[in-house]
Amino acid sequence: AVFSKDKMIAKLDMYEARTMNLLRENKVKGLIWLEGENEENINFQGKSKRKVKCRKIGDRYVFTIDLTLKGEIVENDMYEGLDKNPEVLKKLEEDLAIKLKGVCNEFINKMQQEYGRDFIELGWIGAAKYGRGKGINWDEKVSKAIIEVNTKVKIDRLGRGKY
């Protein structure tokens, strides 16, 4: 559940709550998975690093969220030869980054369109840069802002699975 002071404003499922925490907090641990054909999948467990930048263009705010995940492959049924071929490993990192970016953009669009609230606390960053106590409604500003998400995935170790 997401609250605004004492009032509950939204009830998120676990998938959305994980995405919200990833976008909202720094140093979050989590699991990303890709599903392929024939019940093939790959699971990546990592720790996130978040950096947010804020700009103001006219009267509209632009937030850039840089997410970097480092971690290990927990299970692998999809990609053959990860330990032998660095090109396959690089392709997997790109695929995971694309999946993560899609999930984050989907959550941000839902947050802005349906709820019109600042679930990921971007207003704090905007207020820190452009001043507090000016009577700005950050929920409204963030719901109309441009929010860009840049993702990067780095695989440190290869865990279990078929290699």
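# A guided look at the chain

Guide: Glutamate 72 is found in strand S5. The model shown here is predicted.

Visitor: Why is glutamate 72 called partly exposed?

Guide: Buried means under 20% relative accessible area, and exposed means over 50%. Glutamate 72 has a relative accessible area of 23%. That value lies in between, so glutamate 72 is partly exposed.

Visitor: How far is glutamate 72 from proline 86?

Guide: Their C-alpha atoms are separated by 15 Å. Along the chain, the two residues are 14 apart.

Visitor: What makes up the secondary structure of the protein chain?

Guide: The chain has four helices and six strands. Read along the sequence, the pattern is β-β-α-β-β-β-α-α-α-β.

Visitor: What size of box do the C-alpha atoms fill?

Guide: Roughly 55 × 30 × 25 Å, taken along the principal axes. The accessible surface comes to about 10,200 Å². Carbon and sulfur atoms hold 46% of that surface.

Visitor: How do you know that S1 and S2 pair?

Guide: Two strands pair if at least two bridges are found between them. S1 and S2 (residues 7-10) have three bridges, so they pair. Their sense is antiparallel.

Visitor: What lies between S1 and S2?

Guide: Two residues lie between them, and the strands form a hairpin. Lysine 5 in the turn has a positive phi of about 60 degrees.

Visitor: How do you know that S3 and S4 pair?

Guide: The rule asks for at least two bridges. Seven bridges join S3 (residues 29-35) to S4 (residues 41-57), so these strands pair too. They run antiparallel. Leucine 34 has isoleucine 42 as its bridge partner in S4.

Visitor: Which residue in the turn between S3 and S4 has a positive phi?

Guide: Asparagine 38, with a phi of about 55 degrees. The hairpin has five residues between its strands.

Visitor: Where does lysine 27 lie, and what is its phi?

Guide: Lysine 27 lies in the loop between H1 and S3. Its phi is near 60 degrees, a positive value in a residue other than glycine.

Visitor: Why is lysine 27 called exposed?

Guide: Exposed means over 50% relative accessible area. Lysine 27 has 60%, so it counts as exposed.

Visitor: Is valine 28 buried or exposed, and why?

Guide: Valine 28 also lies in the loop between H1 and S3. Its relative accessibility is 18%. The cut-off for buried is under 20%. Valine 28 therefore counts as buried.

Visitor: What does valine 28 touch?

Guide: Leaving out residues up to four places away in sequence, valine 28 touches Asn21, Gly46, Lys47 and Ser48. The C-alpha atoms of valine 28 and lysine 49 are separated by 7.5 Å. Those two residues are 21 apart along the chain.

Visitor: Which residues of helix H1 are buried?

Guide: In H1 (residues 14-24), they are Glu16, Ala17, Thr19, Met20, Leu22 and Leu23. What covers them includes S1, S4, S5, H2 and S6. Across the protein chain, buried residues make up 39% of the 163 residues.

Visitor: How many aromatic pairs are there?

Guide: The count comes to six.

Visitor: Why is the pair of phenylalanine 107 and phenylalanine 119 called tilted?

Guide: Their ring centres lie 6.5 Å apart, and rings pair if their centres lie within 6.5 Å. Their planes stand at 45 degrees. Stacked needs under 30 degrees, and edge-to-face needs over 60.

Visitor: Which residues do ring pairs link into a cluster?

Guide: Tyr61, Phe63, Tyr130 and Trp138.

Visitor: Where does glutamate 121 lie?

Guide: Glutamate 121 lies in the loop between H2 and H3. Its phi is near 55 degrees, a positive value in a residue other than glycine.

Methods. Residues are numbered from 1 along each chain as its sequence is written. This is a predicted model: local features need pLDDT of at least 70, side-chain atom pairs count only at pLDDT 80 or more; totals for chains, interfaces and linings use all residues. Side-chain values use heavy atoms; hydrogens and water are left out. Buried means under 20% relative accessible area, exposed over 50%, partly exposed in between (1.4 Å probe, protein chains only). Accessible areas come from the Shrake-Rupley method with a 1.4 Å probe; for residues, only the protein chains shown count as cover. Contact means heavy atoms within 4.5 Å.
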